[in-house]
Amino acid sequence: MKNKLTTMKMNKLTTFSVAIMASAFTAQAQDINQARKAIDAEQFESAKTILKSIIKAKPSNGTAYFTLGNVYLNQSVEDSAKIYFQEGLSASDGAKLNYIGLGQMDLDKNDVTGAQAKFALASKDMKKKDVQEFVYIARAYMNANKPDYKSAIAILTRAAINNSQDAQLQLALGDAYYGDGKQNEAYVAYRSAFQLDSSLLRAKMQLGVLLKGAKSYDEASKAYNEVIAINPNYGPVYRELAETYYKIARNKPSQAAANYKIAMGYYDKYMSLTDYSINSRMRRADFLILMEDYVALEAEANKMIELDKVNPRIYRYLGYAAYKNGNVDVAIKSLESFINAPANKPIALDYLYLGLTKIKKGTSADGLSIDPVAFSSGLVDIKKAIDMEPLAVQELSEVGKQLFTQKLYTESAVMFEFGANTPESTSFLDDNVYYGLANYYANVNKEKGAKVDAIALQKADAAFDKVLVASPTYLEAYLYKARTNRLLEKDDAMVQNYEAYVAKTMELGAEEAAKPAVKAKIIESYNNMAASFANTDKLKAIEYFKKTLALDPANSYAAESIKILK
């Protein structure tokens, strides 16, 4: 009887233990799903807290390690990400997923072979209908520092052959197509993902993102509001609304102030539904840069420093804001602190703003001179920026124009030269016009008897040639080519360009030629051509001076010159 009772107790205990284990497993699964929902809602700090509690309760859960590592990787905290991925490899459940995280870190280091080897280990022994590993591998390719969307599409397309009804696979496929610029395919995939799982709000939201990308802003807003109607607490949709209204503001300058205000309101709503952690504040700082609200950015950066005095990324924001707000010493110190931090990955804009700040610091109070040492030091950083990102030259155009306005023509020419030699730049035409003008004015304004810079003038001439190729109707280019060659004492080229200017102006009709400013330039052309022929062809010289007098009978230079020539 005693043995029977003992056996019954043992069976009951075993059953109870199994029930507890099953309950714990279910709770564990729910927690992982809860963490994933927090990640999808961009509540990363909440997700980290959940995942750390899972790992503490069950160190054998490799999926939790992998998911936590991915959160850190998303936040660019590579050291922590690597620790969790490596620890996850020792787990008994889902350990292989951690090879995918380590594989993405290999991709970030351009070690494609190493990444592929790890991805092979992660996908080894998968069942035919399984797709989870392939989805994560595809996302690793998409989330790498240099995204490879085509590889992601190839992986997901193969996986879809065996299981096309997986909502996460379709969502990932939509992201891959979107990244690769295939809007129609992305739309189909996102729509399929939401049809397969109506709780997958990100898929529905991405349909709005596609409309935003097509500049259908009203339709995009409608799509986002449909998401809000399903779940008004889904944070990311408010970020998308903020970015949409930012785009509207950029496209409707007359209503920009009102739309920027709406955009910021939506972004603050997004913040309230995520978290006010340091990483969340950094996302807001990124948006403030987009909005070009540098006063608010500087205030935000100072708040972030109070929260985390050692996070070097904050100094990027403070540096940008201080540069734009004219606080040059703070800008230089902040940007150098950011760039010199070993764990940071400086981008072109970091060096560009540092270089421009050094130049600004070296500019005199009246803005009429720049210390040559400060200018040279700034140029070193600017060149680093352009080496990293050639299109950074577009940021220099306004700087060059400001220097041009201050009559700092030599320094202005240096700024414009970068863009004038970058055909892909949106400011290519403008930069060549100003580059030519800056080099011309730097020489025409030299003191009498001073030697002109022949190389700079030749560059000016070449810049105006580029302008005429890009914009043949910009007749001022012929005029400035003539003036430039006059300074170079190349009379043949001077005459050729003055003739071209006059001929093409006359083609525009008598009304155009009669405009006072245009008439003055035609007279300039006739007088300079006449002067060039004075010693070689007196009749031709007289002919041109007479053309001047026909336009301006009181022109003393032409009248006196004819008397001398006769």
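Modeller: A crossing of two helices is left-handed if the near helix is turned anticlockwise from the far one by less than a right angle, and right-handed if it is turned clockwise. The structure above is a predicted model, in which local features need pLDDT of at least 70 and side-chain atom pairs count only at pLDDT 80 or more, whereas totals for chains, interfaces and linings use all residues. Residues are numbered from 1 along each chain as its sequence is written, and side-chain values use heavy atoms, with hydrogens and water left out.

Biologist: At what angle do helix α7 and helix α9 pack, and how far apart are their axes?

Modeller: Two packed helices are described by the angle between their axes and the distance between the axes. Here helix α7 (residues 132-143) and helix α9 (residues 167-179) pack at about 20°, with their axes 10 Å apart; the axes are lines fitted to C-alpha atoms, for helices over the stretch in contact, and angles run from 0 to 180 degrees between N-to-C directions. The helices themselves (H or I, at least four residues), like strands (E, at least two), are DSSP runs numbered from the N terminus. The angle makes α7 roughly parallel to α9, a label for angles under 35 degrees, with over 145 counted as roughly antiparallel, 65 to 115 as roughly perpendicular and the rest as oblique. The crossing of α7 and α9 is left-handed. On the α7 side, Val-135, Arg-139 and Met-142 make the contact, and on the α9 side Gln-168, Leu-169, Leu-171, Ala-172, Asp-175 and Ala-176, where contact means heavy atoms within 4.5 Å.

Biologist: Which way do α23 and helix α24 run, roughly parallel or roughly antiparallel?

Modeller: The axes of α23 and helix α24 (residues 454-470) are 8 Å apart and the packing angle is about 150°. That makes α23 roughly antiparallel to α24. The crossing of α23 and α24 is left-handed. Residues that make the contact include Leu-437 and Tyr-440 of α23 and Ala-460 and Phe-464 of α24. Elsewhere, helix α16 (residues 294-307) and helix α17 (residues 313-324) have axes that come within 8 Å and cross at roughly 150°. This crossing of α16 and α17 is left-handed, and among the residues making the contact are Tyr-294 and Leu-297 of α16 with Tyr-317 and Leu-318 of α17.

Biologist: How should I read an aromatic pair, and what kind do Tyr-441 and Tyr-480 form?

Modeller: A pair of aromatic rings is described by the distance of the centres and the angle of the planes. Rings of Phe, Tyr and Trp (its six-membered ring) pair if their centres lie within 6.5 Å, and planes under 30 degrees apart count as stacked, over 60 as edge-to-face and the rest as tilted. The count by this rule is 24 aromatic pairs. In the pair of Tyr-441 and Tyr-480 the centres are 6.2 Å apart with 65° between the planes, which is edge-to-face. This pair links distant parts of the chain, 39 residues apart, with Tyr-441 in helix α23 (residues 428-444) and Tyr-480 in helix α25 (residues 476-487).

Biologist: What else is in contact with Tyr-480, leaving aside neighbours within four places in sequence?

Modeller: Besides Tyr-441, Tyr-480 is in contact with Leu-437, Tyr-440 and Phe-464. Tyr-480 and Tyr-440 are 40 residues apart in sequence, yet 8.0 Å apart in space from C-alpha to C-alpha. One aromatic cluster is formed by Phe-404, Tyr-409, Phe-416, Tyr-434, Tyr-440, Tyr-441, Phe-464 and Tyr-480. Tyr-480 is buried, with a relative accessible area of 9%, while Tyr-441 is partly exposed at 23% (buried is under 20%, exposed over 50%, partly exposed in between, with a 1.4 Å probe and protein chains only).

Biologist: Which charged side chain sits over the ring of Tyr-270?

Modeller: The charged end of Arg-239 does, 5.6 Å from the ring centre of Tyr-270; the rule is that NZ of Lys or CZ of Arg is within 6 Å of the ring centre and within 35 degrees of the ring normal. Lys-269 lies over the face of Tyr-238, with 5.6 Å to the ring centre.

Biologist: Where does Asn-110 lie, and what is its phi?

Modeller: Most residues other than glycine have a negative phi. Asn-110 has a positive phi near 65°, lies in the loop between α5 (97-108) and α6 (112-123), and is exposed at 52% relative accessibility. Lys-407 also has a positive phi, of about 65°, and lies in the loop between α21 (396-405) and α22 (409-420), where it counts as exposed at 61%.
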